[in-house]
Amino acid sequence: MCKLCDEGQPQLHPSSSAGEGSRWSSRRGFLKASAAAGAAAGGGLALFAPRAALAHDDTAPEHSGHHGRRYLIRGGSVMSVDAGVGDFAQADVLIEGRKILAIGTHLNAWGVPAIDARGRIVMPGFVDTHHHLFETSLRSFLADGLLFDGLDPRVEQNYFQKILLTFAPKYRPEDVYINTLFGSLSQLDAGVTTVHDISQIHHSPAHSDATIKALRDSGRRAVFGYFESAGGVAGNQYPSDARRIKTQHFSSSDQLVTMVMGGEIYLPGFEVAWALGRELGLQVAAHIVGTFGMRPTFDALAAANQFGPDNLFIHMTGMSDPAWLKARDAGVAISLAVPIEMNMMHGTPPIQKALDLGFRPSLSTDVECTLTADMFTQMRTTMALQKMLLNSRGLGENGPAETSLPPRLTARDMVTWATLNGARDLRLDGKVGSLKAGKEADIVILDAEAINVAPLNHVPGAVVSLMERSNVETVIVAGKVRKWKGRLLDVNLPRLRRELEASRDYLFAAAGIPRDLFRKP
């Protein structure tokens with residue numbers, strides 16, 4: 001980090017954005033100490049006004065995200081996801097340093113470099129409230145898998161036994177690092193600027209530190225979910241190491257990576273994790289799945305008034321009505337991973353139950369060993385399933401036809417669930433989740449002139465019903481451009497992919513599972 005650059009005086013530095021010397025190019029980045037965090041505050045030598053970042057048609061604004069640096073996103077269709085700001089068929093977004101300075105039509109920003117966003121949609125970055133990044137090297141391994149053995153005797157490769165009990169205990173810290181980094185960069189490429197990484201790989205403090213370093217090195221916003229050591233590897237220090245982790249890595253709330261405490265209610269001793277999380281002032285998160293037999297424990301927690309606004313519950317399938325009411329009254333946050341819940345036999349996603357009780361759920365991607373981790377899939381699937389279930393009721397397919405149905409989810413609803421609701425559920429809505437002056441600039445610019453979208457007739461509809469990863473043209477996190485015109489910046493993907501493949505090969509060998517590209521379920 002260059003102090004002069006941060007203070008508005010650009011310096012010429014050797015480029016390391018390509019080739020073997022890139023900061024993402026080697027596992028040695030994990031073995032070295034973490035880089036210093038944060039840009040220097042104060043522009044002591046910028047006496048009159050911030051110096052403009054440099055921008056050209058084919059290059060991203062230089063030094064974006066640094067203190068005092070301004071640039072303009074010009075002429076895009078702006079969907080702010082903020083009721084007070086509203087939407088604009090064509091408008092500008094002015095960014096200075098990490099934050100949004102102004103949003104409006106024809107902003108007067110003379111001399112400030114501009115990103116031409118005509119024909120583009122400008123909106124908040126997506127927020128994924130539940131993902132397991134350590135499993136990236138196991139992508140598609142369980143495309144046909146269920147949650148655990150015994151749900152269908154014809155399906156032999158299932159999540160709990162194969163991923164958590166067989167593969168997970170074999171992870172080394174370097175496996176954790178490259179899996180988490182690669183998966184995080186992949187989501188960044190898809191416009192997911194914030195993730196809650198539910199890491200169940202804490203076999204040692206070194207494993208925990210590797211996870212945190214990977215999240216930081218990815219350059220996006222993340223919530224580090226400190227969950228168990230899957231498989232209960234001997235010597236693990238969960239949950240007690242949470243004190244060290246919070247003190248060492250999360251002493252400030254003003255950083256891109258923050259922390260959540262995990263406490264799975266199906267594991268013995270979860271009460272200790274919940275108490276420790278609350279002692280440390282952390283949110284407490286847990287998977288709540290009826291198929292796993294959690295309902296009696298969940299009912300007991302509800303009866304004992306153990307829920308609070310600091311809880312984030314994921315899935316919420318198969319729970320009793322009284323427990324749902326207790327969760328609502330306590331202000332609990334709910335994250336739904338609808339495509340995974342439908343595929344892996346978690347139970348029917350409780351979309352309508354949550355809506356009927358007044359919850360405003362967020363969306364999450366869960367596991368790439370089974371399904372993709374982009375938010376377009378989450379939005380489309382959630383909206384389609386809710387409409388299908390309501391349509392069935394209206395048509396009387398399973399009983400008398402109902403004439404008075406709840407409202408159908410809209411494309412705009414889905415955008416809100418995938419942005420602002422997610423930020424709120426992770427306690428980040430004061431910073432991100434919508435576009436508003438004063439908030440940090442976590443922004444995606446989507447190509448609405450692409451062959452799968454043009455012509456643009458409805459902005460929320462285009463995002464939810466038509467778009468996918470290829471439409472994510474530019475991604476900005478805390479003012480810093482991380483993806484520019486379809487390409488991640490400062491990333492040596494070929495080398496990272498080789499490291500991920502080497503990790504995969506090690507894990508399969510260590511787990512004693514042969515690699516068979518065409519195996520049966």
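Colleague: As a starting point, DSSP has to find at least two bridges between two strands before they count as paired. With that in mind, which residue of β4 is the bridge partner of Arg74?

Modeller: Please note at the outset that this is a predicted model. In it, the bridge partner of Arg74 in β4 is Asp116. The two strands concerned, β1 and β4 (residues 114-116), pair in the parallel sense over 3 bridges.

Colleague: How does β1 pair with β2, parallel or antiparallel?

Modeller: The pairing of β1 with β2 (residues 87-96) is antiparallel and extends over 7 bridges. Within it, Ile73 has Val93 of β2 as its bridge partner.

Colleague: How many bridges join β1 to β5?

Modeller: There are 2 bridges between β1 and β5, and these strands run parallel. Ser77 stands opposite Ile121 of β5.

Colleague: Why is β1 described as largely enclosed?

Modeller: Of the 10 residues of β1, 8 are buried, so the strand is largely enclosed by the rest of the structure.

Colleague: Which other residue has a positive phi without being glycine?

Modeller: Met345 is one, with phi near 70°. Met345 sits in the loop between α10 and α11 (351-356). At 41% relative accessibility, Met345 counts as partly exposed.

Colleague: Changing topic: which strands make up the open sheet, and in what order?

Modeller: The open sheet has 8 strands, in the order β6-β7-β8-β9-β10-β11-β12-β13, with parallel pairing. At its edges are β6 and β13 (362-363), each of which pairs on one side only. β6 pairs with β7 (residues 192-199) in the parallel sense over 4 bridges. There, Val127 has Thr194 of β7 as its bridge partner.

Colleague: What about α15: is it enclosed or open?

Modeller: Helix α15 (residues 459-466) is largely enclosed by the rest of the structure, because 6 of its 8 residues are buried. The buried residues are Val459, Pro460, Gly461, Ala462, Val463 and Val464.

Colleague: Which elements do those buried residues pack against?

Modeller: They pack against β1 (70-79), β5 (120-124), β6 (126-131), α12 (375-395), α13 (411-417) and β14 (443-447).

Colleague: Where are the cis peptide bonds?

Modeller: One joins Ala454 and Pro455, with omega about 0°. Pro455 belongs to the loop between β14 and α15. Another runs from Tyr238 to Pro239, with omega near 0°. Pro239 is in the loop between β8 (221-226) and α6 (242-249). As background, most peptide bonds are trans.

Colleague: How many cavities of 30 Å³ or more are there?

Modeller: The count comes to 1 cavity of 30 Å³ or more. The largest cavity holds about 190 Å³ of space. It is lined by 18 residues, and those closest to its centre are Leu147, Tyr159, His287, Phe292 and His346.

Colleague: Which elements give two or more residues to that lining?

Modeller: They are α3 (159-167), β10 (284-289) and α10 (338-344). Helix α3 gives the most to the lining of the largest cavity, with 3 residues. By residue class, this lining has 11 nonpolar, 5 polar and 2 charged residues.

Colleague: And what space lies in the second largest pocket?

Modeller: The second largest pocket contains about 490 Å³. Its lining has 25 residues, and the closest to its centre are Arg139, Ser140, Phe141, Phe508 and Leu517. Helix α16 (residues 493-511) gives the most to this lining, with 5 residues. The lining of the second largest pocket divides into 11 nonpolar, 5 polar and 9 charged residues.

Colleague: Finally, what is the mean pLDDT of the protein?

Modeller: The mean pLDDT is 91, and 89% of the residues reach 70 or more. Over residues 1-52, however, the pLDDT is below 50. Beyond near neighbours in sequence, that stretch has 88 contacts in the model. Where pLDDT is low, the predicted coordinates should not be read in detail.

Definitions and conventions: Residues are numbered from 1 along each chain as its sequence is written. This is a predicted model: local features need pLDDT of at least 70, side-chain atom pairs count only at pLDDT 80 or more; totals for chains, interfaces and linings use all residues. Side-chain values use heavy atoms; hydrogens and water are left out. On a 1 Å grid over the protein atoms alone, a cavity is a set of points where a 1.4 Å probe fits but cannot get out, and a pocket is an open set with protein on both sides within 12 Å along at least five of seven lines; lining residues have an atom within 4 Å of a point. Grid points are joined across faces, edges and corners, and a volume is the space filled by probe spheres set on the points. Ala, Val, Leu, Ile, Met, Phe, Trp, Tyr, Cys and Pro count as nonpolar, Asp, Glu, Lys and Arg as charged, and the others, Gly among them, as polar. pLDDT is the predictor's confidence in each residue, from 0 to 100. Contact means heavy atoms within 4.5 Å. Buried means under 20% relative accessible area, exposed over 50%, partly exposed in between (1.4 Å probe, protein chains only).
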